[in-house]
Each structure stands twice: as C-alpha cells, then as structure tokens.
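Welcome! Take a moment to turn the model around on your screen before reading on. The briefing below goes through it topic by topic.

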Amino acid sequence: MIELILRRFGGALMILFGVAAITFVLLYALPADPAVQLAGRSATAQTVANIRHELGLDQPLIVQFVHYLGNLVQGDLGRSYTQKTEVMTLILARLPATLILMVSGILVEVAIGLTLGTIAALNRGGAVDRLVMTVSFIGVSAPQFVVALLLLYVFAATLQWFPMAGFGGFSHVVLPALTLGVLGAGWYARMVRSAMIDVLNQDYIRTARAKGVAERTVILRHAVPNALLPIVAMIGIDIGQFMGGVVVVEAVYGWPGIGQLAWQAIQQVDIPIIMGVTLISSLAIVTGNLIADLVAPLIDPRIRAR
Amino acid sequence: MQRIFREFLRRPTAVFGLIVVLLVVIGALAAPLIAPYAPDEQLFDGLTLEGAPIGPDAVFLLGTDTLGRDLLTRLLFGARTSLIIGVVANGTAVTIGLGIGMLAGYLRGPAGNALMRFTDLMMAFPALLLAIVLAALFHPSLWIVAMVIAMVNWVQVARIVYTETRGLVERDFILAERSLGAGHARIVFKHILPHLVPTAIVWGTLGIATTVLLEATLSFLGVGVQPPEPSWGNIIFESQSFFTAAPWLVIFPGIAILLTALSFNLVGDALRDILDPTQRGRM
C-alpha cells in the first residue's frame with residue numbers, strides 16, 4: 001500500500017513537471033508579447049526592451065525555465081506582470097470562493113445524479129428510464145453559459161429571488177452551483193444507472209431479495225453502496241476540473257474565484273498568473289485522481305484484497 | 001449495413017437526432033438561398049425608434065440583434081461555422097487519437113509506454129483553460145479555434161483506441177498473419193484499422209457534440225470565432241449585456257446549440273449501442 005502510494009505520488013510529480021514544461025514552452029512561443037502589452041501602444045522600442053529585460057524575458061528560454069522551476073520547488077509561482085503581487089498570494093486569495101463553488105456544485109451533481117440514476121436503473125427499459133436518460137442527455141448537451149444566463153434572467157432579473165452577481169451569502173452561491181450541478185448531473189445519472197444495473201444483476205442482491213429483505217433496504221443498503229465506486233472516481237475528476245475550469249460560470253456570475261483570475265490574466269497576457277493557475281489546476285486534477293484511487297479500497301474491500 | 005440502419009430506425013430518439021442533424025446540415029448548406037437577408041446587413045427597420053432590437057414578429061421571425069441584423073439569418077450562417085469547426089476539429093482530433101492510440105497499442109514496449117504517458121500528461125491539463133489560453137493568445141480565427149479544439153479533444157480517443165488495439169494485437173488472427181510474414185504496415189492497415197472503424201464512427205459523431213459546445217463557449221468568451229462572422233456563441237457574446245431586455249438573443253442561439261449538440265449525442269449514442277453490442281443498454 002505504502003509502495004503504491006509512493007509510486008503514484010512519483011508519477012504525479014512527473015506529470016506536473018511535464019505540464020509545467022509544456023505550458024512554459026507554449027506560453028513563451030506564442031505570438032502575444034507581454035512586454036509590448038505592458039508597455040502600451042505608444043511605447044518606444046527602448047521601453048519595450050527595458051520591460052523585457054526587467055521581466056527576464058530577454059534570457060534564453062531554457063534559462064528562464066530552470067529559474068522558474070527553482071522558484072517553483074520553493075512554492076514560489078513568480079510575480080504577476082500587471083498586479084505586481086506574488087501569484088501564490090493572488091491564487092490563495094481566490095481559493096475560498098472556488099472551493100465553495102466546487103463543493104456546492106458537486107453536492108448538487110451527486111444528489112441529482114444519484115437519485116435519477118437509481119430510479120432509471122430500477123425501471124430499466126421502461127418509460128421512466130427513457131425519460132431520465134433523455135433528460136440527462138439534454139443536461140450534458142446544454143451549453144453552460146446559456147443555462148447560466150437563463151437562470152440569471154428567470155431567477156435574478158425577473159423573479160428577483162437571487163442576486164444578479166457577486167460573492168457573499170448563501171443566496172449568491174445558489175445559481176452558480178445549480179448551473180454546474182444540474183448540467184453535470186447528467187453524467188452522474190448515466191454513470192450511476194450503468195453501475196446500478198451491474199450491481200442489481202449480482203447474486204447477493206438476489207439472495208437479499210429471496211431472504212425477504214424489504215426492497216427499500218435492498219436498494220439503499222445493498223445496491224447503492226456497491227454502485228458508489230464510479231461516482232468516487234468521477235468526483236475525483238470533477239475536483240480537478242472545477243479548480244481551474246469554471247471560467248465560464250465565474251465569468252457570467254462575477255464569481256471571484258480562480259477561474260475569474262485566470263480569465264482576467266488571459267486578457268492581459270499576464271503569463272505568470274496563467275502559468276500558476278494551469279499548474280494549480282493540474283495539481284488538483286492529479287490530486288483528485290490520486291484521492292479517488294486511495295479512497296476506492298476504503299469503500300470496496302475487494303480492491304484491497306487484490 | 002442494412003441491420004445497422006434497421007436497428008437505428010427502431011430508436012425514436014436516434015431518429016429525432018438524425019432528423020435534426022440533417023436539418024442543421026441543410027440549413028447551413030442552403031443558408032445563402034433560404035436566409036431572408038445578408039448575414040451582416042444592418043437593416044433599416046431592424047431597430048425600434050429608440051434603437052432597441054426588435055422581438056420576434058411576422059417580419060423578423062426570430063427578431064433582430066443589437067445592430068438591427070436579422071437573427072434567423074445569422075443563426076443559419078452560424079450553423080455553417082458550427083458545422084465546419086465541428087467536422088474539421090473533431091475529424092482532426094479523431095485522426096490524431098486513432099494514430100497515437102493505434103501506434104502505442106501496436107508498438108507496446110518503451111515506445112508505446114512513452115506515447116501513453118504523454119496521453120496521461122495531456123489528461124492532467126485543465127482542458128477548457130488550455131483551450132481558452134491558446135485561443136486567446138493566438139489571434140483567434142475559425143481555423144485556429146478548430147485546431148485548438150482538436151488539440152484538447154484527441155486524448156480521450158487515443159486512450160480508447162489504445163485499449164482496443166492492445167486487445168486486438170493479442171488475438172490469434174494477428175499472430176497468424178505475422179507468422180505468415182506480413183509486415184507491420186500490412187497488419188496495422190489491413191487488419192487492425194478495420195476493427196477500429198466502429199470506434200472512429202462513434203467518436204466521429206459524439207465528438208462533434210463536444211466540439212460544437214466548446215466552440216460556442218470559446219466564442220461566447222470572445223476568444224473564438226470573431227464578429228462580424230456569425231457563430232452561435234458570438235451572437236450571445238455580442239448581446240449578453242442586453243439579455244434582460246432582449247432574451248430572444250440568448251434563447252434562440254442557445255436552443256440551436258443545445259439541439260445540435262443533443263442530436264449528435266443521440267445519434268452517436270445509438271451508433272455505439274448498435275456497433276458495440278457489449279455496451280448495449282448500459283450507458
């Protein structure tokens with residue numbers, strides 16, 4: 001077990017190094033020049049050259065990369081070009097908002113997905129099953145930004161139940177969490193349905209039913225826990241995606257999370273922030289997968305035995 | 001082939017999907033013929049006296065946008081953008097995924113391993129963020145957007161093709177072919193590739209749904225297809241600050257995106273069920 005953890009940890013470090021290297025090369029090879037951007041439109045060639053020298057952009061790419069890695073292992077992500085602040089500080093300041101949105105979004109996803117998926121599996125092949133599957137297909141096919149705008153239109157602008165945008169109390173998180181959760185629930189419902197159908201065909205379910213165990217108990221105590229495994233893996237993936245990928249929802253709702261920080265940085269060609277957010281998101285993706293792998297044997301003793 | 005067609009027709013949702021896909025394709029191809037106006041024509045009577053966009057009525061079936069252009073016309077021309085990017089970007093992604101997955105699965109050993117580690121690495125990238133960064137920092141155009149989406153989307157295909165190829169390489173008929181002295185190229189192209197065609201078809205369809213959504217998202221953020229060239233995403237991008245006053249400017253393009261993505265998903269899902277009986281009724 002310890003050896004497995006260490007090996008997975010080593011693999012995760014290699015992946016992060018690779019992500020850092022590829023992002024670095026991509027960002028510095030791109031046609032958008034941060035020095036020109038910072039200097040403004042009327043700057044002379046000399047000003048641009050000075051800025052480039054100040055930021056260390058005039059050094060060879062490999063020197064810049066080694067320098068960056070050296071700082072990275074000390075937990076230093078560099079300084080933002082435009083905000084003149086440590087990137088780590090900026091990201092940490094945005095972390096609470098992103099975490100709140102992530103947790104509430106995943107809660108909505110799992111609650112809806114688990115319920116719908118179970119109902120569909122129990123009615124396999126029936127009208128209810130087809131309805132649930134169609135609805136979940138609509139969920140995974142709907143564009144996030146349109147749903148976000150429509151929820152805003154109906155519940156914030158027209159009914160005024162929730163605020164239009166911003167960060168604050170519980171009422172602020174409802175619409176963003178619903179946008180993420182309702183759409184993501186489609187994937188969960190399909191996954192749960194498929195896992196539940198597998199589980200319901202197992203002998204121990206038949207045994208439980210033959211013993212005369214109430215159907216409710218068969219489902220909730222015997223079937224659902226055994227169908228949880230794929231959900232844990234999906235939550236692991238979602239943790240990673242939500243850490244850096246909720247740019248759209250954060251942009252529409254003015255949610256001050258990491259996605260918004262990244263979006264502003266992209267518009268200003270603020271490369272250290274873009275680098276930092278990409279790395280943090282990859283770290284979250286890798287950690288999310290790692291946690292899912294480590295939690296799996298705790299949920300399912302059969303994996304432990306292998 | 002006939003069996004596939006018959007099984008397909010037995011699924012009402014798949015038939016619905018196919019009909020919508022065909023309608024979108026026809027709408028896109030015939031846009032210049034059936035659209036009532038030119039896509040970037042700012043109509044004289046396209047705005048109210050106060051300068052606001054006009055809601056759906058008898059003249060402008062889906063209303064006009066903030067510049068007084070006919071929304072129906074722009075949606076028809078936007079379908080072209082979505083489909084071109086959908087087909088080109090997804091086609092490229094499936095081709096790359098097939099190539100890398102097949103190569104890694106066939107070579108195995110250190111070279112195959114290295115290719116799959118690279119795929120794992122790409123899986124750890126925040127895909128949407130990467131797409132936004134690339135699209136924003138290149139000067140965005142239709143083709144750049146298509147290539148960015150292809151770069152992000154090939155990974156999944158590669159993993160599935162890799163697993164399938166691994167299974168195929170172990171099979172007796174490949175061994176037999178090899179002992180008869182067949183070269184690598186012959187084995188790969190005549191014996192392995194044909195077995196991967198169903199996978200390519202399924203992902204060639206399902207992937208278009210993902211691509212259409214991603215293109216719309218990038219264009220909505222303003223880093224995708226650039227106005228005045230119409231795309232369903234940038235129509236919403238251009239009018240989002242007016243959306244409480246003119247909700248049709250969000251609703252109609254939104255429905256177009258949803259229906260198109262949904263239909264490609266329905267068709268692809270049905271194809272997967274039919275072409276891969278082990279998956280039947282499971283997902």
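In H2(B), the residues Thr13(B), Ala14(B), Phe16(B), Gly17(B), Leu18(B), Val20(B), Val21(B) and Val24(B) meet Leu259(B), Thr260(B), Ser263(B), Phe264(B), Leu266(B), Val267(B) and Ala270(B) in H11(B). Here, two residues are in contact if their C-beta atoms, placed from the backbone, lie within 7 Å. Helices (H or I, at least four residues) and strands (E, at least two) are DSSP runs, numbered from the N terminus. This is a predicted model, in which local features need pLDDT of at least 70 and side-chain atom pairs count only at pLDDT 80 or more, while totals for chains, interfaces and linings use all residues. Residues are numbered from 1 along each chain as its sequence is written, and chains are lettered from A and ligands numbered from 1 in the order in which they are written.

**H2(B) and H11(B)**

- H2(B) and helix H11 (residues 248–275) of chain B pack at an angle of about 130 degrees, and their axes are 8 Å apart. Axes are lines fitted to C-alpha atoms, for helices over the stretch in contact, and angles run from 0 to 180 degrees between N-to-C directions.
- That angle makes H2(B) oblique to H11(B) (angles under 35 degrees count as roughly parallel, over 145 as roughly antiparallel, 65 to 115 as roughly perpendicular and the rest as oblique).
- The crossing of H2(B) past H11(B) is left-handed, a term used if the near helix is turned anticlockwise from the far one by less than a right angle, with right-handed used if clockwise.

**H2(B) and H4(B)**

- Helix H2 (residues 12–29) of chain B also packs with helix H4 (residues 71–107) of chain B, at an angle of about 110 degrees and with axes 8 Å apart.
- H2(B) and H4(B) are therefore roughly perpendicular to each other.
- Val24(B), Val25(B), Gly27(B) and Ala28(B) of H2(B) make the contact with Leu76(B), Ala79(B), Arg80(B) and Leu83(B) of H4(B).
- By class, that contact has six nonpolar, one polar and one charged residues.

**Chain B as a whole**

- Chain B has 11 helices and zero strands.
- Its C-alpha trace spans about 80 × 45 × 30 Å along its principal axes.

- H5(A) has a kink of about 40 degrees at Leu95(A), shortly before the proline Pro96(A).

- Pro227(B) and Pro228(B) are joined by a cis peptide bond, with omega about 10 degrees.
- Lys84(A) is not a glycine, yet its phi is positive, about 55 degrees.

**Where the chains meet**

- The contact takes 39 residues from chain A and 35 residues from chain B.
- The side of chain A that touches chain B has 27 nonpolar, 11 polar and one charged residues.

Notes. Ala, Val, Leu, Ile, Met, Phe, Trp, Tyr, Cys and Pro count as nonpolar, Asp, Glu, Lys and Arg as charged, and the others, Gly among them, as polar. The bend at a residue is the angle between axes fitted to the seven residues ending there and the seven starting there.
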